[in-house]
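Trainee: I have a new model open on my screen and would like to learn how to read it. Could you walk me through a few features?

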Amino acid sequence: MPGEKQTAVNYYVGVDVGSASVRAALVDGFGTVVAHAEQPIQVWEPRPDHYEQSSADIWAACCSVTKEVVRGVDASQIRGIGFDATCSLVVVDKQFQPLAVNSEGQNHRNVIMWMDHRAASQVERINATQHRVLNYVGGAMSVEMQPPKLLWIKENLPESWEKVGYFFDLPDFLSWKATGVTARSLCTVVCKWTYTSDRGWDDSFWKMIGLEDLVKDKYEKIGNHVLSPGEAVGEDLTADAARDLGLPEGIAVAASLIDAHAGGLGVIGADVKGHNLPCENQPITSRVAMICGTSSCHMGVSETPIFVPGVWGPYFSAMVPGLWLNEGGQSATGKLIDHVVRGHVAFPELEARAAASAHSIYTYLNSHLDLIKKSLPVGFLTVDLHVWPDFHGNRSPLTDLTLKGMVVGLTLSRGLDELALIYLATIQAIALGTRHILEVMQAAGHDISTLFLCGGLSKNPLFVQMHADITGKPVVLSKEVESVLVGAAILGACASGDFASIQEAMAKMGKIGRVVQPNHEHKRFYDKKYEVFLKLVEHQREYRSIMSSE
């Protein structure tokens, strides 16, 4: 009303470092994204399975997108900032200068990306120890975790190893850049480094795998000060970082999260009243958050620890304080779809037709499938076409990085119809992989009724519907598509003291947008597809056994 005093709105900045870009959002206390910006970052692939980035390039992009989203905003209304990032390994020397993670000696390339698989032999040796810490990563460590990468650096880059001052998980590197404090997040060290919330570091593990050097200095290089996600780091934002980011000096900086965990935080705690969902009036433990982008992660929480074979965790308080986290995952999902579509001989035709219709290639493919389905449901078009999706190995639940992709049912046809069908079969294979993960989690003791999706692939309606139909569970999409950024902003909101707990912030800032129900009439078809899906990996292992025999 005229003359009525308006209450100032509080804002929080969320910064998300993905595999190929950095994004920032300005988010209000109700979880609404009021400004958003994105900037690409560079990836080097010097040889197969080696993926590297530059921490300087990443930080410069963080500064650029943050300045953009806060432009024109009253600085007094910005209360805190939270970071999330991929679980990539950042290497710096004792003066915090970048150190090469490559044989070329290129110091600016000082980040080994999460999806880098160079440490395959190292992780095999680590898993052969059967050390007790492996119980908390599903029984076998992934090559995407940090200990095998550290061992690879020691064995292959001795000069860099001798000069190392600090190894950071990328989310912790960002909070250090903002505050000058080398504290680590409980999320990163528990999920990717074998730290436990009750015992801390296990000296015997590091000595057993040949990294006793890290024990000698009381773990200073990998972190001996650990904070809970959302806890304020140090004395807040430094003057240098404030200038770089375009933010007011002294605002709260939160202990960070891995990107998938930020996505989980942004969606899993949303109020579902009135949507007629099976998880309504049920504890949050009946939900799984699925964060689907370049890769996919499946986040389920429990009140007591649940040990799931082939699924990471249980990790205490790694995402939601006070709850145990299990994390399933698929190493290549969005990346796999792009690989299959862009590598097809009909891709140039698809690209031209999509451009002519002013649609994205995936919107065009979805429309094309509707044209060729005739009287059939779209999903039934792949009755004779089946894909095993582990083109980059299997993260969960088989924990076998040597598995390869498979396609059964190819013909000599090379047109757009065939491209659309292999695209559909690939999406179905990813959804069948999700079903496989969920079934293993449920067999171990999880009680899962509803999926909460976020990330880039959640924008694709075909991807979402296939996940609902194939798992038989309703899929909840958040009101804000950028749930990962909302999750990062929730961290900043908690660090500012504006919310009493992460749970309170999750409930107020996480909002439901749309619910996609499964079509139960299609259950029998997808049960058959799932049966074929499991047969594919059996056959792959069988033929590999034949070929490796004397």
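**Reading patches, sheets and a buried side chain**

Mentor: Gladly, and let us begin at the surface: Phe391, Val407 and Leu410 make a nonpolar patch of about 260 Å². Keep in mind that this is a predicted model, where local features need pLDDT of at least 70, side-chain atom pairs count only at pLDDT 80 or more, and totals for chains, interfaces and linings use all residues. Residues are numbered from 1 along each chain as its sequence is written, and side-chain values use heavy atoms, with hydrogens and water left out.

Trainee: What makes a patch?

Mentor: Patches are made of residues with over 30% relative accessible area and no salt bridge; like charges are joined within 9 Å, and nonpolar side chains (Val, Leu, Ile, Met, Phe, Trp, Tyr) within 5 Å. A salt bridge is a side-chain nitrogen of Lys or Arg within 4 Å of a carboxyl oxygen of Asp or Glu. Areas come from the Shrake-Rupley method with a 1.4 Å probe, and for residues only the protein chains shown count as cover.

Trainee: Is Phe391 buried, partly exposed or exposed?

Mentor: Buried means under 20% relative accessible area, exposed over 50%, and partly exposed in between. Phe391 has 33%, so it counts as partly exposed. Its place is in the loop between β17 (386–388) and β18 (406–408). Such strands (E, at least two residues) and helices (H or I, at least four) are DSSP runs, numbered from the N terminus.

Trainee: Where does Leu365 lie?

Mentor: Leu365 lies in helix α13 (residues 361–372) and is buried, at 0% relative accessible area. Beyond its neighbours within four places in sequence, Leu365 is in contact (heavy atoms within 4.5 Å) with Val341, Leu350, Leu419, Ala420 and Tyr423. Tyr423 is 58 residues away along the chain, yet the two C-alpha atoms are separated by 8.1 Å.

Trainee: And how do I read a sheet?

Mentor: Strands of a sheet pair through backbone hydrogen bonds, either parallel or antiparallel. Here two strands pair if DSSP finds at least two bridges between them. Seven strands form an open sheet with mixed pairing, in the order β15-β16-β14-β13-β19-β20-β21. β15 (312–316) and β21 (512–516) stand at the edges with a single partner strand each, so one side of each has no neighbour in the sheet.

Trainee: Which residue in β19 is the bridge partner of Ile291?

Mentor: That is Cys454. Strands β13 (residues 287–292) and β19 (residues 450–454) pair in the parallel sense over five bridges.

Key
Buried means under 20% relative accessible area, exposed over 50%, partly exposed in between (1.4 Å probe, protein chains only).
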